[in-house]
Structure formats: structure tokens, C-alpha cells
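Please read them beside the model.

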Amino acid sequence: MTGDDPLEESESGEPLTEGGEDAAEPQSALRADGGAAGADDVALDPWGSSSVSDYRKLFDEFGIEEFDEVLDEVPHPHYLMRRGVIFGHRDYRPVARALQNDEPAAVLSGFMPTGDPHIGHKLVFDEIIWHQQQGADAYALIADLEANSARGMSWAEIDEHARSYLLSLLALGFDPEDGTLYRQSTNREVQDLAFELGAEANFSEFQAIYGFDGETDVSHMQSVVTQMADILYPQLEEPKPTVIPVGPDQDPHVRLARDLAERMRFFKVSEAYASFELEPAERDLVAGFYDRLDPADFDDDDLRCVHVAEALEETPLSDIDADADTLSSVLTKLNEAGMEPVRPRTRFFDRRATDDAFDALIDAVEGEKRVYESHVDAFEIDRAAAEELARQVEVDNGGYGFQPPSSIYHRFMTGLTGGKMSSSVPASHISLLDDPEDGYDKVKSATTGGRETAEEQREKGGKADECPVYELYAYLLAGDDDEFAKRVYDECVGGERLCGDCKEQAAQLMKEFLADHQEKRAEVEELLEDADIELESPRRR
Ligand code: TRP
Ligand code: SF4
């Protein structure tokens, strides 16, 4: 069985914050850091069996940033954010800021309808709904093309599951009148955008990112560009900060989407010091010398390229913070430019603008400027203003002006039987369609972080950080009630709480949650019928 949903990929690892011993610190007491020991190494594969044994590696190796660092900037953070279940992000700040300032923002995520919705999907449903309630335009899509091409699901199965996902999403509070629902196969705009984005990507790249090879279906590749279009779809009308809440297995998609968004842009804005281009490391070097050298020390008070070259050559290598290649290429460039004055400027590089757009940009740049074949240098506009201007000119001239999409990542849940949660092992997970009594039983039979005996538990306390039952409280059962989640944690690690009673309480709450959720699903049937999404695919094979 290959992984296709948060359950399949799920495998929590070591605590992100250091273990239960941190319990004294209020934040970490709420953290659900439970995890199975001995998990695999980190591998992020959207269709494989990716697993995460150590969330810290995602920061170091993949450049995902810690969510805690933006938490302060989020208005009324969701409990999944407060408890570290949402542990990572890429570039979430623009979204947080937009929510804070009541500016346009969007949230979008997609679901492959391969089975019943389960408590892992609920995390994502909740994330979408929360952003919608904070004022973001909300989008949820059914990835039916992907389910068909990458999972071989029939259209009948897809329709059945899609309907069920949507009912749960609506039952949990998604407002379909205010938000957008669609399925990939019937969204013409998404497919047109996918086609356009496909022109910016090629097979070698897909090979490198996804491990595709000569045997890979073309439709599978098409489902990738479709997902890229999904991710950028909220920005089709106008660019806006957009967050994609997903599991970390989807990060390769997010990175590619961020790249493609950038490649679609008409202009690239950068900082320069003379007419020639500098690589980032070269620019840092020149910037350092520019700041240090005093033009008054040179002829006619002008600092020229050769002067910087001379100063560089006179500086002992040990004082220069750059490698030999950078140094020699900078020297070559500076010497070739010779007597050209060194002057900081903001550069608009023409990447894929139309002639009209390039002319419009030239007109729009205020103050002193210099126009070249494929770039414009502006001397009186700072970087941020230039970025804004470039986007405006692009949008006014028929471009999209995409902002790179942001993402947030939630932890995978640990299976109730320990190890991974897997849709192929019913006892390991809880479906949102499980009979409430079955949900009760599953929780009652779950593994725990408890000790061998009650005495030992009273003495040493339980290991809440390694307990799937505690995870259920933190991820779901405690809802918005931090105090309750903290009490369970503190009582567990303090030895006051014993597993039997703890599970009884959790099982009871699970039963109530499932009964209530299923009742709400029934109530939103009509709402779904009225929603603007095709529930039946015209395709039948
Ligand atoms: N690939 C996702 C999955 O495996 C589904 C998906 C399709 C998606 N398009 C998306 C997720 C856009 C987030 C954003 O479940
Ligand atoms: Fe888990 Fe509860 Fe036992 Fe603690 S007391 S280990 S939280 S089941």
C-alpha cells in the first residue's frame, strides 16, 4: 500500500521541543510531541511512503521554518498553532500580516478522494476553515485528476469519496457561499493555468524533484502541473498572500509552485552597483566595500569600479569574506567596467515582459533612471517600492504578478496502535465515518505512553509526549480549551492520571465528537447540494 494521504505518510518522530521534561514551561506542556521511535529517515515524497522521524531535519535540510517564530504575528492563533501541531511554514508572514490588517489573503488546500475522510484530514479542514473565519478567501478542491492518474481510482469511487470529504468540510464549518469548492477535472481555468505553468517546467526538473522516470505516466505529470495551478488559482484575479496548509510530504509541490510563480513574473528586481550583473555573493562583497570606501578619497570625488578593484586587491585574503571564485569574478567585472562610477541602484530585469509592459515600466519609474536593452536601473526607488511597482506594471499589462505561495505544515498523527497511522489498518486511525461506538472502542484499545504498573505510573508519571491518546486530546478532543489539554498533560506526567481513566475519558469524547460530527454531516447535505461544485463526474471509467 502506498501512501496517499496524511495517514499513510504519518509517522511522528522525536519531539520538536525537547520532551516532557519541559513540562514546567507552559507552551510545551500543550505540545503534542508524541511519536513512534525508530522511524525512517526524512524523505519527502508526495506519493511515496514519506515519513518524518525528526522534524528538526525539515528545518535544516529542507529550509522549512519553525512556526513558533511567526506565532506572535498571527491574530488569534488556532489551537493547532498554539500547540505546535502546526510546526512549520514557508513564508507565512505575508499571510499573517494580511489577516492582521484585513487585507486580501487566501487559503487553499486539496484532497485526493481515495478513501474516507479521517481525523488527519480534519486538521487540514480546520486550518482552511480557521483562515476563512479570519477573513481569507477560502478554497478547497477535490484532486480527482490526481486520484485517477496517480492512484488509479475509478470515477465512481472518486465521486463517492469526494462527496464525503465535502460533507465533513461543511460540517466542520466551511462556508461554501463565501468560499470556493471545485474539482480539478471540471475547472477549466485551472487546466488552462496548468498548461501555461507547464511551459515553465521540464522533465529533468520533475525527475529531480519527484523521481519521475521514463515509465512515469504523462497524466501523472499533468497532475503535478494541475496541482501547481491549484496552488496559484486564488491569485488568478489579483495577486495576494496565499497559504497552502498541508502535511510536510507536500513540501516538494510547494517549493516547485513557489519557483514557478517566480518564473512567471515579468520582471526581476535586484540591487546593483554598476551596469553589470552581480551574483548575490559578489554583490555582498561589493556592498561591503562600497560602505567602507569614502568617495572623497578618489579623483573628482567619484568612486569608480577600478577603485573598488584596487581596494579589494590590497585587502589581505583573510579579511575578505568570500571564496576565491567569487573574488576573482568580481575583480574581472570591476576591472572590465573600469572608470564607471559605482552607484547603488535598484534594477528591473526584463524576464518575460511584453514590449508594451517593458515600455510601461520605463515610464513608471520615477526619478533618475537608466534604460538598457533588457533592464532598467532606478536610482531613486528602494527595493520594496520597486517590487511593488514591478508587480503593478505586470498586472496592468496582462500578467499575473503572482506572489510566491506560502505554506504551513502540520505533524502527522501517530497511529492508535503505535507506529504509523495507516488507512489499511483500521484500528490505527479513526475515520470521520466510524460508528461512534467503534471510535470509542478504538480509543479504548489504543497504545499509551503509560508505565508497566499503576505504581510506577504514580511514581514516574506517564509519557504524554509518546502517547497517541494524549495526541488525540491535543489535536482534537480538547478543542480550543488549552487549559484542558494542559491539565491532561500535567496530570499525566505528574503521575496523577492513570491510563485506564484517561482512555475512558478520551474514548467518551471521541464517541461524542463522532456522533456530533455525523449529525452535522446529515444537516449540511442540502448545503452541499446547493454548493457550486459538480458532485458527479461525467466520466465513468
Ligand atoms: N497532492 C495532494 C494530496 O496528495 C492533493 C492536492 C491537489 C493539493 N492539489 C492541491 C494539496 C493543492 C494542496 C494544494 O493529497
Ligand atoms: Fe497517555 Fe493518558 Fe496514559 Fe498519559 S495517562 S500515558 S496521556 S493514556
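1. The crossing of α14 and α16 is right-handed, a label used when the near helix is turned clockwise from the far one by less than a right angle. Helices here are DSSP runs of H or I with at least four residues, numbered from the N terminus.

2. This is a predicted model, in which local features need pLDDT of at least 70 and side-chain atom pairs count only at pLDDT 80 or more, whereas totals for chains, interfaces and linings use all residues. Residues are numbered from 1 along each chain as its sequence is written, ligands are numbered from 1 in the order in which they are written, and side-chain values use heavy atoms, without hydrogens and water.

3. How do α14 and α16 pack? Helix α14 (residues 280-292) and helix α16 (residues 324-337) have axes 10 Å apart, at an angle of about 70 degrees. Axes are lines fitted to C-alpha atoms over the stretch in contact, and angles run from 0 to 180 degrees between N-to-C directions. The pair is therefore roughly perpendicular, a term covering 65 to 115 degrees.

4. Ala281, Glu282, Leu285 and Val286 of α14 are in contact with Thr326, Leu327, Ser329, Val330 and Lys333 of α16, contact being heavy atoms within 4.5 Å.

5. Helix α21 (residues 468-477) and helix α22 (residues 482-493) cross at roughly 175 degrees, their axes coming within 10 Å. They are therefore roughly antiparallel, meaning an angle over 145 degrees. Tyr470, Tyr473 and Leu477 in α21 meet Phe484, Ala485, Val488 and Tyr489 in α22.

6. At ligand 1, a nitrogen atom is 2.8 Å from a side-chain N or O atom of Glu146. The distance from a ligand nitrogen to a side-chain N or O atom of Asp230 is 2.8 Å, and a polar side-chain atom of Gln250 lies 3.0 Å from a nitrogen of the ligand.

How values were computed
Helices (H or I, at least four residues) and strands (E, at least two) are DSSP runs, numbered from the N terminus. Angles under 35 degrees count as roughly parallel, over 145 as roughly antiparallel, 65 to 115 as roughly perpendicular and the rest as oblique. A polar contact is a pair of N or O atoms within 3.5 Å; within protein, one must be able to donate a hydrogen and the other to accept it, and residues adjacent in sequence count only if both atoms are side-chain atoms.
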